Amino acid sequence: MYGIVNKAIESLVIEGFGEGKWEAIKETSGVDIDYFISNEPYNDDITYALAIATAKELKISVGDVLIAFGEYWILKTGKERYGDLLEAGGDNLKEFLTNLPTFHNRIMLMYPKLTPPEFKVSHIESNSLHLHYFSKRVGLKEFVRGLVQGLGKLYNTPVQLEIISDRDNGDHHETFKVSW
Amino acid sequence: MEISLKTEQLNKLFPFHILVNEHLNVVGYGKSVLKLIHLTIGTPFFNHFTIHRPELLEFTFDGLRTLIDQLLIINHNQNSKLLIRGQVELLEEANCFMFIVSPWFSDVEDLKKNNIGLKDFAIHDSSIDLLHSFKAQEVANKDAKELFAKLQVQKSELHRLSLIAKETFNSVIVTDRNGRIQWANKAYEILTGYTIEESLGKTPGSFLQGELTDKATVQYLRERIRAGFSFDCELLNYHKDGRHYWVRLSGQPILDRQGNVVQFFAFEEDITEKRIVQNKLDEQRHFFEDVLNNIPSDIAVFDKEHRYLFLNPIAIKNPELRKWMIGKRDEDYFIHTNKPISIAKKRREHFDSILESKKLTIWEEELINKEGKKDYIIRNMYPVLDEQGDVKLVIGYGVNITERKLIEQQLERKEKSYRDLFNYSQALICTHDLEGNLITVNPAFCETIGYSELEVLGNNLMKFVPENDKEKFRPIYLHNILSEEKAGGVFRVLHKNGNVLFLLYQNYRVEEEGMQPYVIGFSQDITDRIKAENDLLLAKKITEESARAKEIFLANMSHEIRTPMHGIIGIADLLTRTKLDDEQENYLKLIIDSANNLVVIINDILDIEKIGSGKFEFESLDFKIAEKLKNTVQSFQYKAKEKSILLELNCDFDIEQIVKGDPYRLGQILNNLISNALKFTAKGKISVSSNIEEKEGELIIKCAVTDTGIGIRGDKLSVIFDPFVQASSDTTRKYGGTGLGLSICKNLVEMQGGKLSVESTEGVGTTFMFEIPYQHGTPIINQGNEDSINIQASYVYNRILMAEDVEVNQFLGRIILESKGWQVDIANNGIEALEFLKQNDYDLILMDIQMPEMDGITATKEIRLFPDLKKSTIPIVALTANALVGNEQEYFDIGMNACLTKPFTEEKLFFAINKVLIHTID
């Protein structure tokens, strides 16, 4: 995971709960990194550890932490740092989600050390589509949920996500039915 | 292979292409061009664009041909900032140039400014990726700037810390992981006296510590360093010059990224002065704690929030609990120890009131102790104020007053008991001062004398004393109280209604230390009792006077009847000695019987009176019981023969048996019973049987008088011994009698310790049985008996002086005595008797007791005083008609020798004369 993700987590915690809490989370997680470099890849374990420690410190579930991270990533980090680029991804939620597979493919080229997930889109309807999520990482599907929810908010489009296939249930990959 | 593209495909692959014909006019363009440029078909290309590079020398169709295979950078004429990059190719068939270009953006923001989105680019177009790369670079630059800024801050901080560490007054050292000094600051050199160079490579303990250094602390430090832990302690070190000093040593390990200890950083603060002050403070604190801990009351100190700052062991014995309570409130403590929270709330209320009033508050608390009993604590709590007058601390102390409380409760109960006793007592209780002024009175006092408490208190007792008694109040009552500490007796007081009350009182003077002496009085209203006693005394007096009058009357009556009876019987007896015809003899017998009956009646009345008044006396003489029985029965043989009734006596014992007792009363009893038997038996027989039984040293004489008379009805048997009662009213009418005989018999028997009973069958007969216990008698000299008329020639002068005032008795006496050969002188009274005796010599004097001028008693006393021994010792026989008083003993006491009660028979007279003369001879 690139440092930008961990930075987003750091910002979220500090912004919401203060420096002390972030230090506590780092202490709990055992992550002793003072500064995350955005374009530097970090071991995925660090991101997981931070998510677990955050859940523990804030006394919420890991899933909720990941959803919060996802939303924050879109609405805060993505918007602040990649705002125009993000907006160029589509005029509306549907267009953005439709472009998402291409977008991630470009990312893969631009960040060769990154192993970005792959997205596919199917069943495109006027008010819904199926978003297929393929990732080597396990357990970040709630992060995807948070990202999509964040996009909904970015485009002022209330969105509902229903997971219709799940690796936890023995499926090949996760599929979200995204409705708006 | 020739290929051709459809317009749609061309638009998808090259959305920004522009077609220019040989006239250099725009003839076509891609789908995304219009998003960037307002372009109109047929307008000259160069109206819109300028070839920026390479330089176009000739603006012709051929000129454009020179641009083929070169990277074109094209400016938009209307928007100088818009750069287009790409290449141009000649489409020969169409004879036009196709510019295959893309807008060149160096910033993502340009997309937005030009309203361009991802979909406007061909997918293969890497312009977006380039923009992304730009963005990544921008982010990286931003990161770098942030990192640099952060590093700058850290550097500054580090520098500052380094400076602090270096220049701080406190000693700072850095050691390797084994504690060997690697770096130290200037303060270290000053504190220890050692230079840094001298210290490098050494452990501080090796040269800074000495024998006074606490070994346990050193051990602690070693263990912490060895384990790679931080440490914090106070330590005594030695300066290079030998003096020691105290440091507060705080250190912590410095870790590498892997968490391994690489160094230790230690900070040493010189606390020598602080330590000295602290020691003094500790000493003071210990001193005060010792004082507080040893005060025998529970002490607690609170902060303004009611949190415990201090508790002494009396308050909380358990040291762990005491420690736990510091910083806690009472509510915490009560919940922790499961005690009633209500007490904590009450304490809190008092505490809050102290905070507000800033004054001492005292209250009493009830607690249940471990034994389940109540403990009473008096709590005192007062605030300690700061200079501004605000509450700084609150000090509380409690004293267990359970014992005192229990005593108080006992006292209260006792006091209530005494108060109840005082209030509800029927006795009159009061206190007064030594002058008699009333201090307290109880309700009974007020109720009895009719005044209210208010009307009484403060007044002098004398006010309530009757006028006549007032003069005694001070000299007697108060004097006794003052001199003897108590006074008792009967007090007369006046009721409010004027009635006089009698109070039986017992008053005491009370003197107690610290109090004015006073008098406590207890009294009882005995007015009714006094009245009853007076009534009783009056009644008794009346009764006694009445009894006395009755006695006198009976005595007089007895005397006045006996005196003439004596004459009648005596004269009749004389008459029997004259020659009489049968009829006269019969009449005379009737006269004698009637007279004797009358005497019996009088004797019975007198006896019953004696019995009733308790004046009956019994003789104690030795006599032969069989002889007494025989003589008594014998005396009735004559009458029995007259009625042709057989009268027999059967004695089943030794006829010589002598007993000691009253033979006369035995005779009287038998006389009565035999007389009754004769009276109620018309035919048949009367048998008197007797036997003796010895029991417990006494001789029990048992007698039975059995007749064959009319008998008594069973329902009358129980009343025949009552005085004045006979078996039937017919009995009185038919047989006469007073009805006193059996009552007298029963009394005589029982008064001698015996018992009398009766068995009877109406129409068959009656048996009266009695038994009397007698003492064993002693043999007696034969003194003769009144039945044996035996005039002994034992006289000297054959001359008797008779002092008798009643003429008929004088006559009778003279006739009887002279008939026996005596010369008789008659004196009419005592004075004459004395004269006769002075003038003459006599063998004996018969002295009537009741005489005019001088009675027989006075005369006897005079005679006994005669100087002539012969005359003064002359035998004197008292003659008296006064049988009631029974004071024969008095006659003997004054010197008389015998006593005859009138009427007496001739036999009795001579028996008495004989008896005294025999004694005289003796």
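In this predicted model, chain B contains 30 helices and 33 strands. Of the 922 residues in chain B, buried residues make up 26%, and among the contacts in chain B between residues at least 6 apart in sequence, 50% join residues at least 24 apart. Chain A has six helices and four strands, which follow one another along the sequence in the pattern α-α-α-α-α-β-β-α-β-β. Buried residues account for 37% of the 180 residues in chain A, and of the contacts in chain A with a separation of 6 or more, 58% are between residues 24 or more positions apart.

The confidence of the prediction can be described for the model and for each chain. The model scores ipTM 0.79 and pTM 0.38. For chain A the mean pLDDT is 87, with 100% of the residues reaching 70 or more; within chain A, confidence is lowest in helix 4 (residues 62-87), where the mean is 84, and highest in strand 4, at 95. For chain B the mean pLDDT is 87, and 95% of the residues of chain B reach 70 or more. Over residues 784-793 of chain B, pLDDT stays under 50, and for this stretch the model has 16 contacts beyond four places in sequence.

The two chains touch one another, with 20 residues of chain B in contact with 19 residues of chain A. On the side of chain B that touches chain A, the elements that give two or more residues are helix 5 (108-113) and helix 6 (127-167) of chain B. Helix 6 of chain B gives the most to this side, with 12 residues. Sorted by class, the side of chain B that touches chain A has 10 nonpolar, three polar and seven charged residues.

Within chain A, the packing of two helices was examined. Helix 1 (residues 3-17) and helix 3 (residues 44-58) of chain A pack at an angle of about 15°, with their axes 10 Å apart. Angles under 35 degrees count as roughly parallel, and helix 1 and helix 3 of chain A are therefore roughly parallel to each other. The crossing of helix 1 of chain A and helix 3 of chain A is left-handed. From helix 1 of chain A, Val5(A), Asn6(A), Ile9(A) and Val13(A) meet Ile46(A), Thr47(A), Leu50(A) and Thr54(A) in helix 3 of chain A. By class, this contact of helix 1 with helix 3 of chain A comprises five nonpolar and three polar residues, and no charged residues.

A further site in chain A is that of Trp180(A), which is placed in the segment after strand 4 (174-179) of chain A. A residue counts as buried if 20 or more other C-beta atoms lie within 10 Å of its own, and as exposed if 12 or fewer do; Trp180(A) has 18 other C-beta atoms within 10 Å and is therefore partly exposed. Leaving aside neighbours within four places in sequence, Trp180(A) is in contact with Leu93(A), Asn127(A), Gly152(A), Thr157(A), Pro158(A) and Val159(A).

In chain B, two helix pairs were considered. Helix 22 (residues 663-680) and helix 24 (residues 741-751) of chain B pack at an angle of about 145°, with their axes 10 Å apart, and their crossing is left-handed. In this pair, Arg665(B), Gln668(B), Ile669(B), Asn672(B), Leu673(B) and Asn676(B) of helix 22 of chain B meet Gly741(B), Ile744(B), Cys745(B), Leu748(B) and Val749(B) of helix 24 of chain B. The residues of this contact between helix 22 and helix 24 of chain B divide into six nonpolar, four polar and one charged.

The other pair is formed by helix 19 (residues 527-576) and helix 25 (residues 807-819) of chain B, whose axes come within 9 Å and cross at roughly 35°. The crossing of helix 19 of chain B and helix 25 of chain B is left-handed. Helix 19 of chain B contributes His566(B), Gly567(B), Gly570(B), Ile571(B) and Leu574(B) to the contact, and helix 25 of chain B contributes Val808(B), Asn809(B), Leu812(B) and Ile815(B). By class, the contact of helix 19 with helix 25 of chain B has five nonpolar and four polar residues, with no charged residues.

Note on methods: Residues are numbered from 1 along each chain as its sequence is written. Chains are lettered from A and ligands numbered from 1 in the order in which they are written. This is a predicted model: local features need pLDDT of at least 70, side-chain atom pairs count only at pLDDT 80 or more; totals for chains, interfaces and linings use all residues. Two residues are in contact if their C-beta atoms, placed from the backbone, lie within 7 Å. Ala, Val, Leu, Ile, Met, Phe, Trp, Tyr, Cys and Pro count as nonpolar, Asp, Glu, Lys and Arg as charged, and the others, Gly among them, as polar. pLDDT is the predictor's confidence in each residue, from 0 to 100. Axes are lines fitted to C-alpha atoms, for helices over the stretch in contact, and angles run from 0 to 180 degrees between N-to-C directions. Angles under 35 degrees count as roughly parallel, over 145 as roughly antiparallel, 65 to 115 as roughly perpendicular and the rest as oblique. A crossing is left-handed if the near helix is turned anticlockwise from the far one by less than a right angle, and right-handed if clockwise.
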